[in-house]
Amino acid sequence: MNRGLILKFENLVQLHCACRQLHTLSYRKVYRTKWKPVQSSVYPIWSVHLYPQFWQTDKLISVALPHCRHLATKEEKKKNRKKLPLAKGEVEIRQKMTVEELARAMGKDIDHIYEALLYTDIDFNSLEPDSILYEDYIKLIVKKSGMKYKSAKLKEEKEKENTDAVKRPPADPAVLTPRPAVVTILGHVDHGKTTLLDSLRKTQVASMEAGGITQHIGAFLVHLPSGEKITFLDTPGHAAFSAMRARGTNVTDIVILVVAAEDGVMEQTIESIQHAKNAGVPLILAINKCDKPEADPERVKKELLAHDVICEEFGGDVQAVNISAIKGENLMVLAEATVALAEMLELKADSTGLVEGTVIESRKDKGKGPVTTAIIQRGTLRKGCILVAGKTWAKVRFMFDENGRAVDAASPGIPVEIMGWKEVPSAGDEILEVESEQRAHEVVAWRNYVEQQEKMKRDLEVIEAKQKEHRTEYEKKQQKLVHLTWRQRKAVLYKANKHLIFSKPKERTEIDKNVLSVIVKGDVDGSIEAILNILDSYDADNECKLDIIHFGMGDISETDVSLAEAFNGVVYGFSVKANETIKKLAAKKGIKIKLHNIIYQLIEDVKHELNSRLPPSVVENTIGEASVLDTFSVTVGKSKVPVAGCRVHKGQLDKKMKFKLIRRGDVIWKGSLSSLKHHKADVQIIKTGMDCGLSLDKDIEFNIGDEIICYEEKEVEQTTSWDPGF
C-alpha cells in the first residue's frame with residue numbers, strides 16, 4: 001500500500017477519534033469513562049490501532065489528548081474519597097500531658113513539639129521531655145501539626161478510702177499503770193551532758209564520742225540506787241543538731257538543762273530552753289563543773305532570769321542543783337530531784353493493746369539491716385508485732401536494750417532497739433502497731449498516695465506561678481512588637497530564637513562549671529538530717545552552686561561512686577566506712593571520698609571544696625605610675641604614631657607588664673606598649689624620676705596630664721561567703 005495513502009488514512013482516524021472524544025464528553029455520566037495521561041511517543045500510537053472499537057473509547061481519547069486529564073464530577077469525588085482512619089488524622093489528648101506523651105500520641109519526635117512551641121509564651125529554655133503541658137498548648141501544637149484533636153474520655157476516679165492507721169482513743173484511767181519517766185538532757189556543746197549520764201550509769205559513753213562531741217541521740221535506762229527507773233535521752237549540744245534536740249523534747253517528760261558554771265548561758269542553752277517551753281515540759285537546772293575555781297553558779301542563775309527560767313530561790317518553780325559530773329558530786333541529789341518531779345507528774349501509761357511509740361533514732365546496720373531506737377509510749381512490744389512508721393513497716397524479729405542484750409518485751413517508757421524494718425524510717429516518726437501484714441501494706445500505700453497527691457498539688461502551684469510569670473513576660477514582649485506587621489513580627493521572633501530551634505533542652509541549658517555535686521552518707525538518720533539542715537542554709541549559689549544529688553544511710557557503695565562519676569561529684573561519709581575495693585574504684589575513676597567523724601570538720605571540708613570550685617579573682621598590683629608631660633608623633637612607614645613624653649613619679653615602668661591610660665579618673669585604654677625609649681634608646685625598664693617616650697599598641701591620642709599606670713595581674717583564690725553558723 002502506498003505510504004502516502006497510509007498517512008492520509010491515519011489522519012482520518014485521528015479526526016474520527018477527536019469526534020468520538022467530543023461525543024463521549026457529552027455522555028460522561030453515562031459511560032463513566034476515566035482518562036489517564038499517557039506518555040507520548042515518536043511513533044503515533046494510533047497507527048497500531050487502525051480499526052478501533054467502541055469499547056476502546058477511553059484509550060482512543062487518551063491517544064487523541066495525551067496531556068489532558070479527566071475532571072471528575074462532585075459525585076465522583078464524594079464516591080472515591082477515602083476516609084482516613086482516626087489514628088492518622090486525630091490525636092487523643094487529655095489535660096496535663098507531658099511533652100513526651102504528646103509526641104508519642106502524635107507519632108512525632110520530641111523536637112517537633114519544641115518547634116511548634118517556639119513562638120509561644122511558654123518558657124522554652126526550661127522545657128523538658130517530662131514537662132507538663134496545659135490543654136491550650138496541646139491543642140495549639142496539634143493544630144500547627146495539621147492534625148485534629150479529640151478529648152480522651154476521663155475515667156472517673158473514685159475517692160480513695162482513708163486506710164491510714166491512727167492512735168487509739170485515750171485509755172480508761174483504771175487500766176493505767178506507773179511507767180518510768182523519760183528525761184532529756186539538754187544544753188550547750190561541751191557543758192558535760194554525756195559525762196553526767198556516764199556518772200549516773202557508771203559507763204564511759206563520752207570516751208567513745210568522736211572529738212568528745214555527742215552526735216546522736218542516746219536512749220538509756222538508768223537504775224537508781226533507790227530502785228527507781230529513769231529513761232534518759234542524751235541529745236547533742238552542737239549547733240548542727242537542733243532538730244535532734246527538738247525531737248528529744250517532744251517525747252520527754254522532764255528536761256535536765258545542763259549549764260557549765262564557768263561559761264554560763266550560751267547559744268544552745270537558749271535554744272534548749274525554747275524547745276522545752278514549746279513542748280510544755282518542766283525543767284530541772286543542773287549547774288555543772290562547780291569544782292572548777294572559776295565556777296560561778298549564782299551568775300548562771302541570774303543569766304537564766306532573762307530567759308524566764310526562774311529558780312526556786314528567786315521565787316520560781318525550777319529546781320537548781322550544783323553538780324560536778326566528772327567527780328560525781330551531788331548526782332544523787334539531782335536524781336532525787338528528778339524522781340520527786342516525776343512522782344508529782346504521776347506518770348502512767350496503758351501497757352495493754354496495740355503498741356504506740358516514737359522513733360528516736362534510725363540507722364542501717366551492716367549485719368542487722370534497718371534498725372531503730374524507739375521509746376514505747378503505749379502497749380507492750382513483743383517479737384512478731386507488725387509495726388508501721390512513716391512510709392515503711394516492720395515485723396519485729398529481735399529487740400535489744402541499750403547494752404545490746406536481747407529482750408523479749410518492752411513496756412511503756414522503755415527504750416528499745418528494733419530489728420525487722422523493710423526500710424529505714426525517719427527519726428521522729430510515730431510507731432503504730434497494726435493487726436496484720438496486709439493492714440500494714442494498706443497503711444503504707446495510703447501514706448504514699450497522700451504524699452504523691454500533696455507533691456502534685458505543690459508542683460501544680462509552682463507550674464501555675466511560672467506560667468503566669470512567663471505569660472506576663474510574653475505580653476510585654478508582644479507590646480514592643482505591636483507596631484510591626486505580622487511578617488515583620490515573625491522575622492524578629494525568628495532572629496531572636498533562631499539559635500534555639502535545632503537544640504534540645506539539655507543542650508540549651510548552659511552547664512555551669514561552678515557546681516559542687518555532693519553525695520552524703522551517714523550512720524544514722526539524725527546525722528544525715530543535721531548535715532542536710534546545714535547544707536540547706538547554703539545561700540551563695542551566685543558564687544558556686546551546691547547540689548545534693550543523693551543522701552542515705554550505710555557505708556559508701558559502688559553505686560555512690562558511679563553516681564558521683566556521672567555528676568562529677570564528691571562523696572562525703574559521716575561515721576561510715578569505705579572498703580578497699582570501693583576506694584580503689586573511686587581512685588580509678590578520679591572520685592573523691594571524704595570520711596569524717598565530727599560534723600563541723602565535714603562542713604569545713606565542704607567549704608574548702610566550694611572554694612576550690614570558685615574561679616580565681618584577678619587582682620591588679622600597681623608597679624609604677626607616670627605622668628604625660630608632652631605629646632608628639634613620629635612617622636613610621638606611611639603612618640604617624642602618637643608618642644607621649646612621660647616622667648615616672650612612682651615605682652617603675654616595665655615594658656613586659658600591662659599598662660592602662662587614665663584621663664580625668666576614667667580608664668581610656670588597657671593593653672601593652674609598642675615601644676619604650678629613654679634618650680632614643682629602646683629600654684625595658686624606666687625607674688622613678690626618669691623621663692621616657694612611649695607609644696601604645698593602639699593609636700590613641702595623648703593629652704598632657706594623662707596618667708600611665710604600669711600593673712601586673714595576679715590570680716587570687718576566692719572564698720565562699722557562706723557561713724554555716726559555727
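User: Which residue does S675 stand opposite in β32?
Analyst: S675 stands opposite S695 in β32, strands here being DSSP runs of E with at least two residues, numbered from the N terminus. This is a predicted model, in which local features need pLDDT of at least 70, side-chain atom pairs count only at pLDDT 80 or more, and totals for chains, interfaces and linings use all residues. Residues are numbered from 1 along each chain as its sequence is written, and side-chain values use heavy atoms, with hydrogens and water left out.

User: How many bridges join β29 to β32?
Analyst: Four bridges join β29 (residues 673–678) to β32, and the two run antiparallel; strands count as paired if DSSP finds at least two bridges between them.

User: And what is the bridge partner of A644 in β32?
Analyst: That partner is L694, and β26 (residues 639–654) is joined to β32 by four bridges, again antiparallel.

User: Is β32 buried or exposed?
Analyst: Five of the six residues of β32 (residues 691–696) are buried, so the strand is largely enclosed by the rest of the structure; buried means under 20% relative accessible area, exposed over 50% and partly exposed in between, with a 1.4 Å probe and protein chains only.

User: Switching topic, where does K368 lie?
Analyst: K368 lies over the face of F400, 4.4 Å from the ring centre, where a charge counts as over a ring if NZ of Lys or CZ of Arg is within 6 Å of the ring centre and within 35 degrees of the ring normal.

User: What about K660?
Analyst: The charged end of K660 sits over the ring of Y711, at 5.3 Å from its centre.
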